[in-house]
There are 2 protein chains.
Amino acid sequence: MVTIKDVAKLAGVAISTASNALNGKYGVKESTKKKVLEAAERLNYVPNPIAQGLVNNSTKTISLIVSGPSSYKFITNPAFFEMMKAITEVVNKRGYQVLLNLLTEEEEVQGIPRIAHSRLSDALILIGSRRGDEELTEILTKVPIPSLVVIREPPHDSIASVSWDNLRCGYMATKYLIEMGHRTIGMIGNIPGLKMTEERVRGYMLALQEAGIAYDEALVVEGDYYQDSGLVGIRKLLNQASKRPTAVFTGNDVMALGAMEGLEQEGIRIPEDISLIGCDNIPNLHLLKTPLTTISNPLSEMGRLAARKILGILEGDDELPQHVIVESELRIRSSVKRLGPM
Amino acid sequence: MVTIKDVAKLAGVAISTASNALNGKYGVKESTKKKVLEAAERLNYVPNPIAQGLVNNSTKTISLIVSGPSSYKFITNPAFFEMMKAITEVVNKRGYQVLLNLLTEEEEVQGIPRIAHSRLSDALILIGSRRGDEELTEILTKVPIPSLVVIREPPHDSIASVSWDNLRCGYMATKYLIEMGHRTIGMIGNIPGLKMTEERVRGYMLALQEAGIAYDEALVVEGDYYQDSGLVGIRKLLNQASKRPTAVFTGNDVMALGAMEGLEQEGIRIPEDISLIGCDNIPNLHLLKTPLTTISNPLSEMGRLAARKILGILEGDDELPQHVIVESELRIRSSVKRLGPM
DNA sequence: CTGAAAGCGCTTACAG
DNA sequence: CTGAAAGCGCTTACAG
């Protein structure tokens, strides 16, 4: 292990001078700077970031906290993977490292502060946390480093966020269904108390209202945004709704996949018997048995923005708004059937 | 930020005593140990791992290096995601952190040593590197920390690995195709010089040979194990083979997805016109237009083993063999059609 | 412009 | 059993 001592010795200068030269500080004669740099080069010197971190109180790493429900194995959303990749790419390019942390919902309360206090990272990016706004705000405002939430609505105005417009997602999806002639429309993916989902429901209701369709709460069922809950949700919708929906909006694609499984088991065809629309546009939806129509969210773009935002906060050159909103768009495939006028 | 100084002061002992008590070293009176622990508790003390790392020359983190071809955006294999999750879970549970590094193929040569020399992590796990054996061995043996490769064959006996039996994968897939009556069988996914793929080709040839089917090299085309190459590969197979194959084995599922796209574009049906078998068993294959028959590899299991293996090396309690091989099995769905006797 | 010293938060011999 | 000292590899005032 070659240290700054070695390069100082080889260059024939003091350690502090070597440090100044290496870090491009002002007030180092050109010739000595050159000597130091050459010595470093020759010795293949790489500064020890741990030592730097100790004195700078910064580690140039960012913790990516990905939350899942009760077990990591349920973290199966490819949308998360897309964002993780984009974040890592941008952050690495700017000389930062990404620390990957997986947390179950229960672990969040202890885990987020633990990670933040560990001093192992300079900032936190939270992906997929469903914790209630007050509670999450409570956790994040107590934490000694900047944090950013992704996908969900910001739990509090003081906490930076990168997300899409959840209300608009619900609205666009539902509106499209209505345009295609549907009037009994189900929705899977309500989590009471979680704004992200409430907004999607509100968007759904708004579209209904605009079209003069009465809201029927039996048509909106819970869903935790993991695949299984799509399966459970579609069953509920099929059994308990007073009127079977002709179309269903699932809050995300992964739940649509679950719904597809449930429908398949019941021998109900998509879109012949029931139409389906998702949200996210995860990869390879076009290869499904019934290619899924969905609201396309720019997942990589969001990851990149999240990285830029947190880096901006850290380096003091933040030019992004506190809450970045990203554009979604309808992606038509073939899981929604056109219904004739009633 | 509360430091060990604070807890020492509150407990009324010296810093070194506090340290010994906190670390459960022998030779600390029960009563003073209790005092220290209580003080730590009361102050909510969390040791600074950076400072510990500096003196212990260890950071309790492991670098996960995920390689992709020329751009990170091609790292789309859900199999990688599955393994990353499993590795992170096990490693976190044992008090280690995971540092996520994305590298393009070109960056590997510089990047792997850079990451290893950075002293930011105690060990390296490589996922998805296609670099030739000699070159990778050269890189990894020079590196100052332990490393482990996953999925691919070990580039050298001295380098730990966790993988499945690639020859057997190729053999099982091809044998099943033969049992289903196919005799003109294509394969996508040869990378000359990369043992992992050569083994799969050898398995393919072995099954052919056992069945007395002549090997036709026009039926084996290159593929880089990313989705696009499946599309390119199937086109090549369709156009250049003297005889169009009735079935194709793609080296992994993601290339099978690509092949499906190509076939769809040409209006060729699966399995009616051509049969397809993949390898990996990534999630949600049962929901595809034609549910893909594949060789199922225990991806999470592999991730867990990789984590255990590297932790074992680091902590000196390694009970796993240097090269861990994991069992694969045939997973029959409906992408392979039974052919009548010729 | 350069170097000696202090200090980041911890652990590890070692003296008492 | 306890504490003063040295040291991990670096950076940052500060004196010269």
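The model is a predicted one.

**Surroundings of DNA strand D**

- DNA strand D is surrounded by 25 residues, of which A:I4, A:S19, A:K25, A:Y45 and B:T32 are the closest.
- By class, the residues of this surface near DNA strand D comprise 11 nonpolar, 12 polar and two charged.
- Sugar or phosphate accounts for 70% of the atoms of DNA strand D within 4 Å of the protein, and bases account for the rest.

**Phosphate contacts of DNA strand D**

- A:K25 places a polar side-chain atom 2.6 Å from a phosphate oxygen of DNA strand D.
- From chain B, a polar side-chain atom of B:T32 is 3.1 Å from a phosphate oxygen of DNA strand D.
- Two or more residues of the surface near DNA strand D come from each of α2 (15-22) and α4 (49-56) of chain A, and likewise from α2 (15-22) and α4 (49-56) of chain B.

**Surroundings of DNA strand C**

- Around DNA strand C there are 26 residues, and those that come nearest are A:T32, B:I4, B:S19, B:K25 and B:Y45.
- The surface near DNA strand C divides into 12 nonpolar, 12 polar and two charged residues.
- Of the atoms of DNA strand C within 4 Å of the protein, sugar or phosphate makes up 71%, while the rest belong to bases.
- At least two residues of the surface near DNA strand C are supplied by each of α2 and α4 of chain A and α2 and α4 of chain B.
- The element that gives the most to the surface near DNA strand C is α4(B), with five residues.

**Phosphate contacts of DNA strand C**

- B:K25 has a polar side-chain atom 2.6 Å from a phosphate oxygen of DNA strand C.
- In B:S19, a polar side-chain atom lies 2.7 Å from a phosphate oxygen of DNA strand C.
- From chain A, an N or O atom in the side chain of A:T32 is 3.1 Å from a phosphate oxygen of DNA strand C.

Notes. Residues are numbered from 1 along each chain as its sequence is written. Chains are lettered from A and ligands numbered from 1 in the order in which they are written. This is a predicted model: local features need pLDDT of at least 70, side-chain atom pairs count only at pLDDT 80 or more; totals for chains, interfaces and linings use all residues. Side-chain values use heavy atoms; hydrogens and water are left out. A residue is near a molecule or strand if one of its heavy atoms lies within 4 Å of it. A polar contact is a pair of N or O atoms within 3.5 Å; within protein, one must be able to donate a hydrogen and the other to accept it, and residues adjacent in sequence count only if both atoms are side-chain atoms. Helices (H or I, at least four residues) and strands (E, at least two) are DSSP runs, numbered from the N terminus. Ala, Val, Leu, Ile, Met, Phe, Trp, Tyr, Cys and Pro count as nonpolar, Asp, Glu, Lys and Arg as charged, and the others, Gly among them, as polar.
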